[in-house]
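Subject: Structure handover

Hello,

Here is the structure I promised you. Please open it next to this email and follow along.

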Amino acid sequence: MNKALEIKNLSVAYNGRPALEGITFSVPKGAMLGVVGPNGGGKSTLLKAMLGLVRPQTGTVEILGHWVDRRVRKLVGYVPQREDVDWNFPVSAFDVVMMGRVPSMRPFRRPTARDRELVWEALKTAGMERLSDTPIGGLSGGQQQRVFLARALAQEAQVLLLDEPVSGVDAPSQHEIFDLLHRLQGEGKTVVVTTHDLSCVAERFDLALLLNRRVISLGKPEEVFSPELLNEAYQSHLMVLEIGGRTVAVEDGTPKHRG
């Protein structure tokens, strides 16, 4: 079994309005997939449906060859959008990463030496061990995202789902986050990232999924990011221009470049 994710005929609706329609695709183990598409196109809903956080109308999701249940969720690390997190909650970076061990703990059990060891290893991998005692709200945006990545590592997740992990994060921190994701991919983990940054996906990802409620295209970025497919996905929200041999995608007035 070489598939990390397999989604078949997945449809989701909110208050009777379709958010995803007949989504079918698979992701091989160890791949790095960038999910791109317009605002409201279903990117966040797709990740939540994979985890069972929203209930589909139709379709199935398999992760590492199994239906999604409590046991399988332990193998999936999820990093939500920054606006979905209460950054004022009084916990340290260490506490947040320890939350990744909770699915493996029995009820009312205190963390073991092994749990603490895994937390420290995850913090070191993410480069956050020196800030382990810092309140999560006192960290920069990039540091906060690395703490949530460390939480997924402490969980011993094999599949990482990240929803806009570099939104609102400065450029150096963006590079650090994606460098870390590449390291984790090199260790055999499967990485799925939603993003608006076509340039980043084109330069750093093995696969791109172009989504607007349905799958427009899935494949290598250079195949998916054609002007025709981008226009089909973004419709009136995107202009695709050729400038100096480069494809420039402009969404909602914001240029997004692709080499």
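How many salt bridges does a search of the whole structure find? The search turns up nine. Before the details, one caution: this is a predicted model.

**Salt bridges**

Start with arginine 101. Its side chain takes part in two of the bridges described here. One partner is aspartate 115, with the closest N and O atoms 2.9 Å apart. Aspartate 115 sits in helix α4, while arginine 101 sits in the loop between α3 and α4. The pair therefore ties together parts of the chain that are 14 residues apart in sequence. Both of these residues are buried.

The other partner is glutamate 156, and here the closest N and O atoms are 3.4 Å apart. Glutamate 156 belongs to the loop between α5 and β7 (159–163). This bridge links distant parts of the chain, 55 residues apart. Glutamate 156 is at 36% and counts as partly exposed.

Lys3, Glu6 and Lys8 also deserve a look. Salt bridges with shared partners join these residues into one network.

Now find arginine 213 and glutamate 21. Their side chains meet in a salt bridge, 3.6 Å from N to O. Arginine 213 is in the loop between β9 and β10 (214–219). Glutamate 21 is in strand β2 (residues 17–28). They are 192 residues apart, so look at distant parts of the chain. Arginine 213 is partly exposed at 34% relative accessibility. Glutamate 21 is partly exposed too, at 37%.

**Aromatic pairs**

How many aromatic pairs does a search of the whole structure find? There are three. Two are described here.

Phenylalanine 94 and tryptophan 120 form a tilted pair. Their ring centres are 5.4 Å apart, with 50 degrees between the planes. Phenylalanine 94 lies in helix α3 (residues 93–98), and tryptophan 120 in helix α4 (residues 113–125). The pair ties together parts that are 26 residues apart in sequence. Phenylalanine 94 is buried, at 10% relative accessible area. Tryptophan 120 is partly exposed, at 34%.

The next pair is phenylalanine 178 with phenylalanine 205. Why is this pair edge-to-face? Because the planes of the two rings are at 70 degrees, and the cut-off is over 60. The ring centres are 5.9 Å apart. Phenylalanine 178 is in helix α6 (residues 171–186). Phenylalanine 205 is in the loop between α7 (198–204) and β9 (207–212). The two are 27 residues apart, and both are buried.

**Nonpolar cores**

The largest nonpolar core has 49 residues. Leu160 and Leu181 have the most contacts inside it. Which helix gives this core its largest share? Helix α5 (residues 141–154) does, with seven residues.

Go back to leucine 181 for a moment. Leave aside its neighbours within four places in sequence. Leucine 181 is then in contact with Met32, Leu149, Leu160, Leu162, Val191 and Val193.

Take helix α9 (residues 227–234). Leu230, Ala233 and Tyr234 are buried there. Look down the axis of α9. The buried residues fall within an arc of 85 degrees, so they line one face of the helix. After α9 comes glutamine 235, with a positive phi near 55 degrees.

**The whole chain**

The protein chain has nine helices and 13 strands. What share of its 259 residues is buried? The figure is 51%. The chain exposes about 12,400 Å², and carbon and sulfur atoms supply 48% of that.

Best wishes

Note on methods: Residues are numbered from 1 along each chain as its sequence is written. This is a predicted model: local features need pLDDT of at least 70, side-chain atom pairs count only at pLDDT 80 or more; totals for chains, interfaces and linings use all residues. Side-chain values use heavy atoms; hydrogens and water are left out. A nonpolar core is a set of buried Ala, Val, Leu, Ile, Met, Phe, Trp, Tyr and Cys residues joined through side-chain atoms within 4.5 Å. Buried means under 20% relative accessible area, exposed over 50%, partly exposed in between (1.4 Å probe, protein chains only). Helices (H or I, at least four residues) and strands (E, at least two) are DSSP runs, numbered from the N terminus. Contact means heavy atoms within 4.5 Å. Rings of Phe, Tyr and Trp (its six-membered ring) pair if their centres lie within 6.5 Å; planes under 30 degrees apart count as stacked, over 60 as edge-to-face and the rest as tilted. A salt bridge is a side-chain nitrogen of Lys or Arg within 4 Å of a carboxyl oxygen of Asp or Glu. Accessible areas come from the Shrake-Rupley method with a 1.4 Å probe; for residues, only the protein chains shown count as cover. The arc is that of the directions from the helix axis to the C-beta atoms.
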